Amino acid sequence: MNVVIIDYGVGNIKSIQFAFERLGITAVLSQDVQTILAADKVILPGVGEAGSAMKKLKDTQLDVLIPKLKQPVLGICLGMQLMCNYSEEGNTKGLQIFDTEVKRFSNAVKVPQMGWNTITNLKSMLFETLKENEYMYLVHSYYAENCLEAIALTEYDIAYASALKKDNFYGVQFHPEKSSLAGEQLLKNFLAL
């Protein structure tokens, strides 16, 4: 299994790489177009600020490549948010894969949301064998609005899309690499797609 983690200088790619190692997969870190095109599965990670992350994708022309990929692609945290139409963070136009917008949590709740929270309304093979109200680990100040492409919801201030799917593209707001056995199972399910 050839898994490529897109390395565009944003985030926690080592912890994702270690999570795949625990599953017996050596995931390759790369921003090389041919390496990404040849992958069986692609991960778009991300931690940090949307505007500067999107600039890094544009600087490497990955913003053009990613939406054209045909193999299963999984966006994690900011990676998922960048796959949406638009983010309020940095007034950023996204990759426009998922037809939803990313908004900031209101001041009615502690921002960022940090820690364990449940996922519900699970739809898709990505959640095979996972149960409703499974706990996942989250750290974020912005969220994707609930939409038709939502395959999981989480309550924090409001019910938002904690996972999205369109065609071969998947996105999760939570960190599967930090979500214990449930996160490990989700990565196994992604590999099996």
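## Ground rules

Helices (H or I, at least four residues) and strands (E, at least two) are DSSP runs, numbered from the N terminus. What you have here is a predicted model, where local features need pLDDT of at least 70 and side-chain atom pairs count only at pLDDT 80 or more, while totals for chains, interfaces and linings use all residues. Residues are numbered from 1 along each chain as its sequence is written, and side-chain values use heavy atoms, with hydrogens and water left out.

Glu 89 sits in the loop that links strand 5 (84–87) to strand 6 (92–93). This residue is buried (under 20% relative accessible area with a 1.4 Å probe, protein chains only; exposed is over 50%, partly exposed in between). Even so, Glu 89 has no salt bridge, meaning a side-chain nitrogen of Lys or Arg within 4 Å of a carboxyl oxygen of Asp or Glu. The nearest side chain of opposite charge belongs to Arg 104, 7.9 Å away; for charges, Lys and Arg count as positive and Asp and Glu as negative, with His and the chain ends not counted.

What the Glu 89 side chain does reach is the backbone nitrogen of Ala 50, at 3.2 Å. Contact here means heavy atoms within 4.5 Å. Setting aside neighbours within four places in sequence, Glu 89 is in contact with several residues, including Gly 48, Gly 51, Leu 78 and Tyr 142.

Now for a lysine: Lys 41 belongs to strand 3 (residues 41–44). Lys 41 is also buried without a salt bridge, and its nearest side chain of opposite charge, Asp 40, is 6.6 Å off. Its side chain reaches the backbone oxygen of Leu 193 at 3.2 Å. Beyond neighbours within four places in sequence, the contacts of Lys 41 include Met 1, Asn 2, Gln 71, Phe 190 and Leu 191.

Asn 2 lies in the segment before strand 1. It counts as partly exposed because its relative accessibility is 29%. Leaving out neighbours within four places, Asn 2 touches Ala 38, Ala 39, Asp 40 and Lys 41. Asn 2 and Leu 191 are 189 residues apart in sequence, yet their C-alpha atoms are 9.8 Å apart in space.

## Helix 6

Helix 6 runs over residues 180–192, 13 residues in total, and spans 19 Å from first C-alpha to last, close to the expected 18 Å. That expected span is 1.5 Å times one less than the number of residues. Among its buried residues are Ala 182, Leu 186, Phe 190 and Leu 191. The buried residues pack against strand 1 (3–6), helix 1 (13–22), strand 3, strand 4 (73–76), strand 9 (134–140) and strand 13 (169–172).

## Strand 13 and its partners

Strand 13 is covered on both faces: Phe 169 and Gly 171 are buried on one side, Tyr 170 and Val 172 on the other. Two strands pair if DSSP finds at least two bridges between them. Strand 13 pairs with strand 4 in the parallel sense over four bridges, and Val 172 is the bridge partner of Ile 76. Strand 12 (residues 158–166) pairs with strand 13 in the antiparallel sense, also over four bridges. There, Leu 164 has Gly 171 as its bridge partner, and Ala 163 stands opposite Val 172.

Strand 12 also pairs with strand 11 (residues 150–156), antiparallel over six bridges, with Ala 150 opposite Leu 164. Now the turns. The hairpin of strands 11 and 12 has one residue between the strands, and Asp 157 takes a positive phi near 75°. In the hairpin of strands 12 and 13, with two residues between, Asp 167 takes a positive phi near 55°.

Technical notes. Polar contact = N/O pair within 3.5 Å; in protein donor to acceptor, adjacent residues only side chain to side chain.
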